[in-house]
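Let's take a walk through this model together, starting with a pair of helices and widening out from there. Keep the viewer open as you read.

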Amino acid sequence: MKLKYYILLLLLFCTTVLFAQGVKFTASVNKTEVGTTEQFEVTFTINSNGERFVPPNFNGFLIVSGPNVSQSMTVINGASSSSSGYSYDLVPVKEGIYTIGPATIVVNGKQLSTSPIKIKVVKGASAAQANAARQQQQQQQQVQGQQGIVAGHSKDINRDLFIRADVNKTNAYIGEQLTLSYRLYTRVALVGSELEKMSDQNGFYSQEIKSANNPTAVQWRIETIKGIKYNVTEIKQNILFPERAGNITIDPMIMDFIVRETVPSADPFDNFFGGGSYNDVKYKIKSSPVVIHVKPLPESGKPASFSGAVGRFSVTTSVDKTDLKANEPLNYKITLKGKGNLKLLKPMAPEFPLDFDKYDPKVTDTITDNENGESGTRVYTYLLIPRHGGKFNIDPIKFSYYDLATGRYVSQQTKGFTINVAKGATENNVTSIGADKQDVKLLNKDIRYIKTDGSDISKDDEGFYGSGLYYFLLLLGPLAFAGALVFGKVYEMNNSDAVKVKSRKAGKIAAKHLASAKAQLTANNKPVFYENVFKGLYGYLSDKLNIAAADLNREKIATELKARQLDEPTINELLETLDLCDMARFAPVSGISEQEVFEKAKNMINNIEDKI
Amino acid sequence: MLKRLIYLLLLIVAPLLAFSNDAGPAMFKKGNNLYQKANYKDAAAAYQKMVDDGYQSAGLYFNLGNAYYKTGDIAPALLYYEKAHRLSPGDEDIRVNIQFANSKTTDKIEAVPEFFITKWWTGFILAFPASTLAVFSVLLFIGASGLLILYRFSGAVIVKKISFYSAILLLLPGIGTIFISGRQAAYFDAHHDGIIFNSSVNVKNAPSGTAKNGFVLHEGTKVSILDKNASWIKIKLANGNEGWVGAADVREI
């Protein structure tokens, strides 16, 4: 009996144990790694009837819907079991690793809780990228199939996934085009990618090359580097035109990639059949910086018309008609064709006749950018309207460029045109506007040329004006005039008295006679000599003493001389000399030589001149 | 009398021609050749050396200004153009080039419009260089004096009449040229101008470093100099603004 109770008691316990073992409260998610903006579901399941379900705090997630409660009941062999599920649809907000905490529920008065779940949130992938990733994955599988190399074991991602920045040349002239390509090399499965930082291309004019057939599709190809095959694609291709000289560094480009790494399953069979799970890992991939050595264009031989064109070009011009009427439009086209920095060319400034109205040119580009650089044609179309009749010339245009192949500047000249403009039906009198004319004038004009005449260069600080010489010369004229006035006055005063003038001139006349006498003396013509001396003395005394020639005799001379206080001996000597000369004219004299007589007469005149 | 006049003329003309064959003009020719070969830097150096050696003429200053203009030094270009303009105020080449150089300066200053009679009068007194006027006045005075002397000593009535009236005719323009050259000298005495030589100059409201900045001027701007002391110069702009700048920032024309 006792045993019976024991057995019963044991069985009773057993059922409780069975029952207790059966209650399970679990949490599960449909994925552990989600992208931002990607929905996932968290489900909390209990295989019993629970009450007071408390959901965890979903920090870092947004609840899209939930709790969605589901209940089910099954009865098997009379044993009924029920389960309830509480599910939430969540969307992560930010990248990172989050933990969904435990949820609690009370079953039969006992509180149960779930274990926390870790969720890794990565940056969300767009649908297009997801597609690309899928495509990529297929490719990857192909490679694997061909080669048998299984990617993903190597943790050295740098060897499996990298970006190369390739330039077709590292030395270039200013304006010379070069191609920069960013290529992605990968041997791993990529789930998603995102551009973090595009490289700065400071110092360059950059032109992106767009793939001709389908710009959005990613073109993959296989390339082998050191025996390892890579899937390669162009991320970005640019044509660069250096704008300044020097060593210009192109910064690296940074991209984020999500790589799906396979985690080998614990089950070797599973592994064998390609099973197993994977982890998505994010890597930041940087390309290496590139240095471009930019050289300035050579200065020697640079033509005046050069405006920065580098490459190889040809220029042509055309007009749609050469005969037209005034006020009719005329199209003038400049076509630049070639390879080089076409888009960077400055508009040309052709010279049109002033009587033509000129409008801004229409620029038509048919330029293709590809790996070989920029090439094509650029057409400038000028609309011209001649306003007056006549014959006008459109001058040829000079265009020059630097030819990289030959390393020289090449100048080209287009042909000019002669336009015959007939008088229009309604020729208006609009002349070209003054302002326009002025502009043109100033554009073409340079400063005046230097002066080549250096004759007026002086070292004076002051110059002629204000110098002493200036004042002296200025005063010279008036001074000369004043001097002349004074001179004239004195002259007139001296000449107003005839007697005084006579007496002043007496000495001169006497000297004349004596000079003549001297000439006779040397000729030894004695009578004439004495006559001259006599005349000289008499004439002198007549002028000096103001005695008329008729009154002139010894007595008169003596009285006049005495009246002028001449001393007695001089008077006597004078009279003796006069007598001697008078006599000597007719008869020879002795006792005195002619020379002595001459000296005597001379002394006499000198004496009288001194005293009177 | 005629002989004496010829001697006087020689006396006047000789000093004006005296410098035509010394070292200066040789250097001037060298500068011109360099300029012609577009070697503007060396041309400027050659002209500058002549100026530093004390040579001067409107042509020399003008060429030096041109050389500086071509090398892109606008401030010295303007300084020497203005110096040339002082020596030869009526020269059109100089005026045109001053306009060109001014168009390259930063500051655009609207000048207060001048009364038209003042403008004409200034143009009239500045039409010929003072040295030319001086030579004319000396020649006219000497000519007039000579004619007056002839009038004084001549016997014939007709000669007396002609010489007297022509002397008066010469004397009047003689006095006129002296007057104009005097006005010209007075004009330049009253108008002390300067060129800003620093790329950016703060114009102060008072002659002290701590004074407030009134306005900013840039290289090449022409200013009138009103007052000066050891380290400050009082300037006035064409639009009437006044202020003080450091003595090193302005060079007087």
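Predicted model: local features only at pLDDT ≥ 70, side-chain atom pairs only at ≥ 80, totals over all residues.

Which residues of helix 3 of chain B meet helix 4 of chain B? From helix 3 come B:Tyr40, B:Lys41, B:Ala43, B:Ala44, B:Tyr47, B:Gln48, B:Met50 and B:Val51. Helix 4 answers with B:Leu60, B:Asn63, B:Leu64, B:Ala67, B:Tyr68, B:Lys70 and B:Thr71. Sorted by class, this helix-helix contact in chain B holds 10 nonpolar residues, along with three polar and two charged ones.

Now zoom out to the whole of chain B. Its 253 residues include nine helices and seven strands. Of these residues, 37% count as buried. Taking the contacts in chain B between residues at least 6 apart in sequence, 58% link residues at least 24 apart. As for confidence, the average pLDDT of chain B is 84, and 91% of the residues score at least 70.

Chain A comes next. Its inventory is 11 helices and 31 strands, and 23% of its 612 residues are buried. When contacts in chain A between residues at least 6 apart in sequence are considered, 72% of them join residues at least 24 apart.

One bridge to find on screen is that of A:Thr45 with A:Gly85 in strand 6. Strand 6 of chain A is also joined to strand 5 (residues 61-76), again running antiparallel, by 13 bridges. Here A:Gln71 stands opposite A:Ser84, and A:Ser72 has A:Ser83 as its bridge partner. Strand 5 and strand 6 of chain A form a hairpin with two residues between the strands. What is the phi of A:Asn77 in this hairpin? A:Asn77 takes a positive phi near 50 degrees.

Further along chain A there is an open sheet of three strands, in the order 23-31-28, and its pairing is mixed. Why do strand 23 (323-325) and strand 28 (390-394) of chain A each have one side without a neighbour in the sheet? They stand at the edges and each has a single partner strand, so one side is left open in this way. Neighbouring strands here are turned by 30 degrees against each other on average, direction ignored. Strand 23 of chain A pairs with strand 31 (residues 417-422) in the parallel sense over three bridges. Among the residues involved, A:Lys325 has A:Ala422 in strand 31 as its bridge partner.

Between strands, one loop residue is worth a stop. A:Pro298 sits in the loop between strand 21 (290-295) and strand 22 (306-319) of chain A. Is A:Pro298 buried or exposed? A:Pro298 is exposed, because 12 other C-beta atoms lie within 10 Å, and a residue with 12 or fewer is counted as exposed. In sequence A:Pro298 is 109 residues from A:Gly407, while in space the two are 9.0 Å apart, C-alpha to C-alpha.

Finally, bring both chains into view at once. Their contact takes 29 residues from chain A and 43 residues from chain B. On the chain A side, the residues touching chain B divide into 15 nonpolar, eight polar and six charged. For the complex, the predictor gives an ipTM of 0.71 and a pTM of 0.43.

Key. Residues numbered from 1 in each chain as written. Chains lettered and ligands numbered in written order. Helix = DSSP H or I, 4+ residues; strand = E, 2+ residues; numbered from the N terminus. Buried ≥ 20, exposed ≤ 12 C-beta atoms within 10 Å, placed from the backbone. Contact = placed C-beta atoms within 7 Å. Nonpolar A, V, L, I, M, F, W, Y, C, P; charged D, E, K, R; others polar. pLDDT = per-residue confidence, 0-100. Pairing = 2+ DSSP bridges. Axes fitted to C-alpha atoms, helices over the stretch in contact; angles between N-to-C directions.
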